[in-house]
Amino acid sequence: MDWERVKERLEAVLQSPMQISLIPEADWEHLAEEQAENLEGFNRSVVRGQDVLFYLSKEHKDIRILQVSKAKLTASERKLVELTVDSKMTSEKKQWGIFLSEDERKAHQLRDWLLLQMERGSTHAELPDALASQSSLYSTKIPLLLYGDYSQNQRVSYAELKKLLESFFESEIILIPLLEKEWLILAPEGLLTSGSEEREGDEEESVEQILDALGSGLYEMLANEWVGECHLAIDYPVKPSKSLFATILKLRETIMLGRSFHVGSFIHLRWELRLEKLLHLIDEEEKAEFLEQVLRGIDHVLDAETVITLEHFFTLDCNVSETAKKLYIHRNTLLYRLDKFKNETGLDVRTFNHAVLVRLALLLYKVTKRK
């Protein structure tokens, strides 16, 4: 809703400067409760100090307000602002009802229910039958959470994004807008088996490999054809009617862990972040103590080249030959780097116990260093 334009019109009429901002919902409710007996017919505004605050909309756990100096506003002008805001909202709702497609209307109903559960602080909530049945959420779906790193000023069309996604998946999907820049995609489970005929004779791919490939292809398409950079989290197939809300919480956690521990990565797979999830739960002091014990104050050895070498070495299951190929270096060059690291730290990553310690230390080091 374009409140900025409404503000400009009111400023021109009333000759008073106004400001749009957010305040915590709890603060608004406290002010409204305090002034409940003295509102004198005002139902969309409260007084805070020397200002009058007008309720515009709810934004998750905040209230978007229009703020104007109380001294520059008569009672009749205050009522005029309230009526203008009411008129704008009524007009928008009518237009919404006229131009919203049936799919988008259902998606917004799901969004409203999901946001309500978030505001309540729920961790598990089962979809009401009415919502599950009207959106066909009883069948198994592949859940993906999309977060767009686009400008606040950019508008993303629900219809255009849904069309783009269905073109990529070559099938119908369910798209639910959540918070700002955040979209839940529910793709059909059949995508896991489509194309299996072409792969016949080859080694059978795991569910994780298929989902990884699906996410990689989707990310590449979105980065090239959508509105810019984005983050994508993927989880195993679920039955949305039973676990839609819990799945969204897991996908959000997946993006958070991926962005925290693997800066520069944009595709986040839940099954690849189990270790990061455990480390995230550890107390900050214990993280620092572990790093000190493992690296013994010589973390300067973790320069960019060493970190990249070790990460590739661990990703390739500590295979020296494969790591050397991946890094485009001679096998002896890799062995020299590993020996140098051993001499400086006392840790030989070619042994299992030391490899585990260094792997954990690397993950924690990247997070604590940024903090």
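Reply: Helices (DSSP runs of H or I, at least four residues) are numbered from the N terminus, as are strands (runs of E, at least two residues). The model is predicted, so to speak of a local feature a pLDDT of at least 70 is needed and side-chain atom pairs count only at pLDDT 80 or more, while totals for chains, interfaces and linings use all residues. Residues are numbered from 1 along each chain as its sequence is written, and side-chain values use heavy atoms, with hydrogens and water left out.

Me: Where is Cys 318 found, and what is its phi?

Reply: Cys 318 sits in the loop between H11 and H12. Its phi is near 60 degrees, a positive value in a residue other than glycine.

Me: Which loop holds Tyr 328?

Reply: Tyr 328 belongs to the loop between H12 and H13. Tyr 328 is not a glycine either, yet its phi is positive, at about 55 degrees.

Me: Is Glu 82 buried or exposed?

Reply: Glu 82 has a relative accessible area of 1%, so Glu 82 is buried. The residue lies in helix H3, which spans residues 75-99.

Me: How many salt bridges does the structure hold?

Reply: Side chains of opposite charge can pair when their charged atoms come close. A salt bridge is counted when a side-chain nitrogen of Lys or Arg is within 4 Å of a carboxyl oxygen of Asp or Glu. The structure holds 17. One of them joins Lys 162 and Glu 166, with 2.8 Å from N to O. Both residues are in helix H6 (residues 158-169), 4 residues apart, or about one turn of the helix. Lys 162 is buried at 10% relative accessibility, and Glu 166 is partly exposed at 21%.

Me: What separates Glu 284 and Lys 287 in helix H10?

Reply: Glu 284 and Lys 287 are 3 residues apart in helix H10, which means a separation of about one helical turn. Their side chains form a salt bridge at 3.2 Å, N to O. Glu 284 is partly exposed, at 40%, whereas Lys 287 is buried, at 3%.

Me: Which residue forms a salt bridge with Arg 337?

Reply: The partner of Arg 337 is Glu 305, and their closest N and O atoms are 3.4 Å apart. This pair links distant parts of the chain, since Arg 337 is in helix H13 and Glu 305 in helix H11, 32 residues apart. Glu 305 is partly exposed, with 47% relative accessibility.

Me: How many residues does the largest nonpolar core have?

Reply: A nonpolar core is a set of buried Ala, Val, Leu, Ile, Met, Phe, Trp, Tyr and Cys residues joined through side-chain atoms within 4.5 Å. The largest one has 30 residues, and those with the most contacts inside it include Leu 302, Phe 314, Phe 341 and Leu 362. At least two residues of this core come from each of H8 (240-261), H10, H11 (304-315), H12 (320-327), H13 (331-345) and H14 (352-370). H14 gives the most, with 9 residues.

Technical notes: Buried means under 20% relative accessible area, exposed over 50%, partly exposed in between (1.4 Å probe, protein chains only).
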